[in-house]
Protein chains: 2
Amino acid sequence: MSKHTDVNTLGEFGLIDHLTQHVELSNGETYLGIGDDAALIDRGDGYYSVISTDMMVEGIHFDLMYSPLKHLGYKAVVTNLSDIYAMNATPDQITVSIAISSKYSVEALEELYQGINTACKRYGVDLIGGDTTSSPKGMIISVTAIGKVEKGKEAVRSGAALDDIVCVTGDLGAAYLGLQLLEREKQLYLSQPETQPDLEQASYLVERQLKPEANKAAVDYFTKVGLVPTAMIDVSDGLASELFHIAKASGVGIIIEESKVPIHPDTQEMALKFNIDPITCALNGGEDYELLFTVNPRDLDKVRYMPDVFIIGDIVEHANGVKLFSTGGKLHPMKAQGWNHFESKE
Amino acid sequence: MSKHTDVNTLGEFGLIDHLTQHVELSNGETYLGIGDDAALIDRGDGYYSVISTDMMVEGIHFDLMYSPLKHLGYKAVVTNLSDIYAMNATPDQITVSIAISSKYSVEALEELYQGINTACKRYGVDLIGGDTTSSPKGMIISVTAIGKVEKGKEAVRSGAALDDIVCVTGDLGAAYLGLQLLEREKQLYLSQPETQPDLEQASYLVERQLKPEANKAAVDYFTKVGLVPTAMIDVSDGLASELFHIAKASGVGIIIEESKVPIHPDTQEMALKFNIDPITCALNGGEDYELLFTVNPRDLDKVRYMPDVFIIGDIVEHANGVKLFSTGGKLHPMKAQGWNHFESKE
């Protein structure tokens, strides 16, 4: 009998590492392959092409009971653009492939494409291709984003160095709580279909979940002031997971101050209602699509004058690991939980 | 009540046209968007980036009862590379995104990646990124291929002109019959599990279906002899469907001679066993991944000395439509049937 190792045993990142361990790069124009927010290809004109791709699966990444199709199309684009910005690059084009079961109407797809087109206009990218096919069950959306960055301006995960400052562009944990809320209302509705969902008090959290934005403004600011982050990544799987990616790729340790991690008042309040520590939402929640980046201390002034930025910690020696300096004054080792699609949804 | 138009009513290409009718291109570097085998982006160094993407869904595009995972990975790459070659371009990189249900083991994914890596090596492309996630059911593979072509050497669908010669790089219809055979053996096995499949006599047909190749050699030849096809497309949906794409995009008519359409002896024989006219397999079968192209008559000599090429017809006035000059000496209007995933598999 042939061996059967459960895919759940490796975790998402472990599985990708395992499957791509034998990948060799042989094309001279490939500058950076698997393992960052996006790949870099030498264009030959002083720029890199920046390529990122993501797949969203109904029942895993979204639930059409509470995701309007327009928002879903918008989000599918934005989450990919976020990966391009995370390289300090500008997105220019996207392709969108969709598989749908026959339960979807042409009108439903029109709504989805409205959201896609709205995102394209807002971020100045062109929809240049894709594929439309049927699926035996549900909807699958695969987006590839193409951008560019001037050589030398790219921000990869591996560039963080000792004493660099760790920053994030916005508050964390809100999208996670938005999801918890939507899930709770869904369960309520399923058990008591006559109840109306009450999400008015939670519009910020729900919008962060259903219609996130990519942080174009941050990358525009970097260009304006001539700042190149030493490392950058977007917060899609939770702050802790992203910190571990930077620490591993850069061969450094990181200490984050709990009191400095930005958490929106609505997130604070709702976390307490759900009986979760707000910092846990920020560390392990995910889908915030803010940019986490590090800068050389000599660039501190440029960061200080940046709108909507939070300095949350420091790069330290590798031996220190990745730790949280709690409000209680203690150093806690972090865990890279983040999302694990293979564990959470079977 | 909101309107519900069945996606089946428009057909695959009608649906894509409908959904993308409001797409506007605003980025100055986008040279060619939706509507060809691949999109073209100005790299700024005298080349276009060439981008193509495709999605393969279990139960629609492949059946793991008879598709070895290694071949499936190989085919997923090759079919995308074929789209890059169809622009007279060279593929350089791919990204691969995969969604899988928990029934798949790590070993199964390793096999899939073996096929992906083998195709990458054979065609000299780098695997530079992707996404791995879970699906509630089955496997979905989405591949994006990135290539390049020197400006002025690109072969788009819209360039065919009156009196151009229509050529194809290899025999057609075999992959379709391979699929019919595999389906027949599957049904036999399901009804009589003790029977062993007998596919030895049909290895050519089965291989064309399960492990197709992209026609790199043709594009290499074009480069070598300095020939730029006036139009080109790869035969993925059947000859008739591709002829209609060229006719529509170029605003021309096409007449194909039935007796010139290359059909392998094994295809001939098996078609008769299945009681299908062999020319029907060539016209409407699909998945041959040969290149269909047109050349200016002054380039006739360059085509004559090309290995493995077949001159099958001529570009005529638009008013003539797309027709087949049959072996019986009559002109028959063709129908663009091809594959229609939305119709055939519900």
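By what turn and with what RMSD can chain A be laid on chain B? A turn of 180° with a shift of 0.0 Å along the axis does this, at an RMSD of 0.0 Å. The model is a predicted one, in which local features need pLDDT of at least 70, side-chain atom pairs count only at pLDDT 80 or more, and totals for chains, interfaces and linings use all residues. Residues are numbered from 1 along each chain as its sequence is written, and chains are lettered from A, with ligands numbered from 1, in the order in which they are written.

View 1. The superposition is by least squares on the C-alpha atoms of residues with pLDDT of at least 70 in both copies. A:D45 is the residue of chain A that comes closest to the axis, with its C-alpha at 2.6 Å. Both copies use the same surface, since 100% of the contact residues of chain A recur in chain B.

**View 2. The contact between chain A and chain B.** On each side, 77 residues take part: 77 of chain A touch 77 of chain B. Residues are in contact if their C-beta atoms, placed from the backbone, lie within 7 Å. On chain A, the elements that give two or more residues to this side include helix 1 (11-19), strand 3 (47-57), helix 3 (106-123), strand 6 (139-150) and helix 11 (341-344). Helices (H or I, at least four residues) and strands (E, at least two) are DSSP runs, numbered from the N terminus. Strand 5 of chain A gives the most, with 9 residues. By type, the chain A side holds 29 nonpolar, 33 polar and 15 charged residues. Nonpolar means Ala, Val, Leu, Ile, Met, Phe, Trp, Tyr, Cys and Pro; charged means Asp, Glu, Lys and Arg; the others, Gly among them, are polar.

**View 3. The two domains of chain A.** Domain 1 covers 7-150 and domain 2 covers 157-344, with bounds from an automatic or database domain assignment. Taken over C-alpha atoms, the domain centres are 21 Å apart. Domain 1 puts 23 residues into the contact and domain 2 puts in 24. On the domain 1 side, helix 1 and helix 2 (69-85) of chain A each supply at least two residues. Helix 2 of chain A has the largest share, 9 residues. The domain 1 side consists of 10 nonpolar, 8 polar and 5 charged residues.

**View 4. Helix 4 and helix 5 of chain A.** Helix 4 (residues 174-191) packs on helix 5 (residues 203-210) at an angle of about 100°, and the axes are 7 Å apart. Axes are lines fitted to C-alpha atoms, for helices over the stretch in contact, and angles run from 0 to 180 degrees between N-to-C directions. The two helices of chain A are therefore roughly perpendicular, a term for angles of 65 to 115 degrees. Among the residues that meet are A:L177, A:L181 and A:L182 from helix 4 and A:Y204, A:L205 and A:R208 from helix 5. This contact has 10 nonpolar residues, 2 polar and 1 charged.

**View 5. A sheet of 7 strands in chain A.** The sheet is open, with strand order 8-10-7-11-9-12-13 and mixed pairing. Strands pair if DSSP finds at least two bridges between them. Strand 8 (231-234) and strand 13 (331-333) of chain A have a single partner strand each, so one side of each is left without a neighbour in the sheet. From one strand to the next, the twist averages 25°. Strand 9 (residues 253-257) and strand 11 (residues 310-316) of chain A are antiparallel over 4 bridges; A:G253 has A:V316 as its bridge partner in strand 11.

**View 6. A sheet of 6 strands in chain B.** This open sheet runs in the order 1-2-3-6-4-5, again with mixed pairing. Strand 1 (30-32) and strand 5 (126-134) of chain B are the edge strands, each pairing on one side only. Strand 1 and strand 2 (residues 39-42) of chain B pair in the antiparallel sense over 2 bridges, and B:L32 stands opposite B:L40 in strand 2.

Definitions and conventions:
Contact = placed C-beta atoms within 7 Å. Parallel < 35°, antiparallel > 145°, perpendicular 65-115°, else oblique.
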